[in-house]
Amino acid sequence: MQPSGTAIGFFLFFISVTLSITYWAARKTRTASEFFAAGGNVTAAQNGLALAGDYMSAASFLGIAGMVSLSGFDGLIYSVGWLVGWPIITFLVAEPLRNLGKYTFADVVAYRLQQRPVRIAAACGTLTVICFYLIAQMVGAGDLIRLLFGIPYEYSIVLVGGVMLIYVLFGGMIATTWVQIVKAVLLLCGATMLALMVLWRFHMNPVELFRAAVDRYGAAVLSPGKQVANPLDAVSLGLALMLGTAGLPHILMRFYTVPDARAARTSVFYATGLIGFFYLVTFVLGFGSAVLVGHDAI
């Protein structure tokens, strides 16, 4: 695949924007509170967008759309399961964490229990989760850079990792928050535009899209059972998705960046709406790719 000049131009533009945000944030970061928690000055709307940006990734965008395209209706179980975790965060997690006013989840738990074993357990759990996230994200990002620039995969990984380190080490939570806001806006706008382009092929009528899928693959494409057939498996997977969402360390850290508990709850409300809309869009993209591209090509 030949490198695309347009794609490279967009990539360099967005890297320049985010590095400029990092430079601006680094000048504003003076204290530990500002570095770890943005000084608690992030508004509910900004934190909601940042939460959505943390959560909506290329893995969600491509992965769920891919599962829907191959498994039909059942592919939606992942997006629904993850989304159900957000009300739990709203009612049980956001306010208590924010009221304690610490920097990390380990600080909160250590406040109630013995510090050393709790911090060791929290560190091991956090590193385990982050490693799984990091490997998937870095593989995808490295492949993307390799395709865009035509450089070896190993150099692509180093380049992406270096840029990420610059964001975090120099800009702290302020830079991370604004980079995630930019990412959320890009993902929402890009996915919405693609979904509208798909629906345009079906006269802006989702029912026509689903009817075309049924005509091509049979009525089973709109029925559950392809991804998870056993009821116990469905319950197990649902609990894992729901409770896993409520315990993600990079999500929990976001509740220390807002000024009070009400702002924390409101930010989760915004994030839930944005993420729910995003997953509805991926549902359209999944069925659209099944009909327009086909299982064999996918």
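Biologist: Is the crossing where helix 1 passes helix 8 left-handed or right-handed?
Modeller: Helix 1 passes helix 8 in a right-handed crossing (left-handed if the near helix is turned anticlockwise from the far one by less than a right angle, right-handed if clockwise). The helices are DSSP runs (H or I, at least four residues), numbered from the N terminus.

Biologist: What kind of model is this, and how are residues numbered?
Modeller: This is a predicted model, in which local features need pLDDT of at least 70 and side-chain atom pairs count only at pLDDT 80 or more, while totals for chains, interfaces and linings use all residues. Residues are numbered from 1 along each chain as its sequence is written, and side-chain values use heavy atoms, with hydrogens and water left out.

Biologist: Back to that pair: at what angle do the axes of helix 1 and helix 8 cross?
Modeller: The axes of helix 1 (residues 5–28) and helix 8 (residues 153–200) cross at roughly 125° and come within 8 Å, which makes helix 1 oblique to helix 8. Axes are lines fitted to C-alpha atoms over the stretch in contact, with angles from 0 to 180 degrees between N-to-C directions; under 35 degrees counts as roughly parallel, over 145 as roughly antiparallel, 65 to 115 as roughly perpendicular and the rest as oblique.

Biologist: Which residues of helix 1 and helix 8 meet?
Modeller: Among them are Phe 14, Leu 19 and Trp 24 in helix 1, and Tyr 167, Phe 170 and Trp 178 in helix 8, where contact means heavy atoms within 4.5 Å. The residues of this contact divide into 17 nonpolar, 3 polar and 1 charged (Ala, Val, Leu, Ile, Met, Phe, Trp, Tyr, Cys and Pro count as nonpolar, Asp, Glu, Lys and Arg as charged, and the others, Gly among them, as polar).

Biologist: What about helix 7 with helix 8, how are those packed?
Modeller: Helix 7 packs on helix 8 at an angle of about 115°, with the axes 8 Å apart, and the crossing of the two is right-handed. The contact includes Met 138 and Arg 146 of helix 7 as well as Tyr 153 and Leu 159 of helix 8, and by class it has 8 nonpolar, 3 polar and 2 charged residues.

Biologist: And how do helix 6 and helix 7 run?
Modeller: Helix 6 (residues 105–112) and helix 7 (residues 115–149) pack at about 150° with axes 9 Å apart, so helix 6 is roughly antiparallel to helix 7. Their contact involves residues including Val 109 of helix 6 and Val 118 of helix 7.

Biologist: New topic: what follows helix 12?
Modeller: Helix 12 is followed by Gly 294, whose phi is positive, near 100°.
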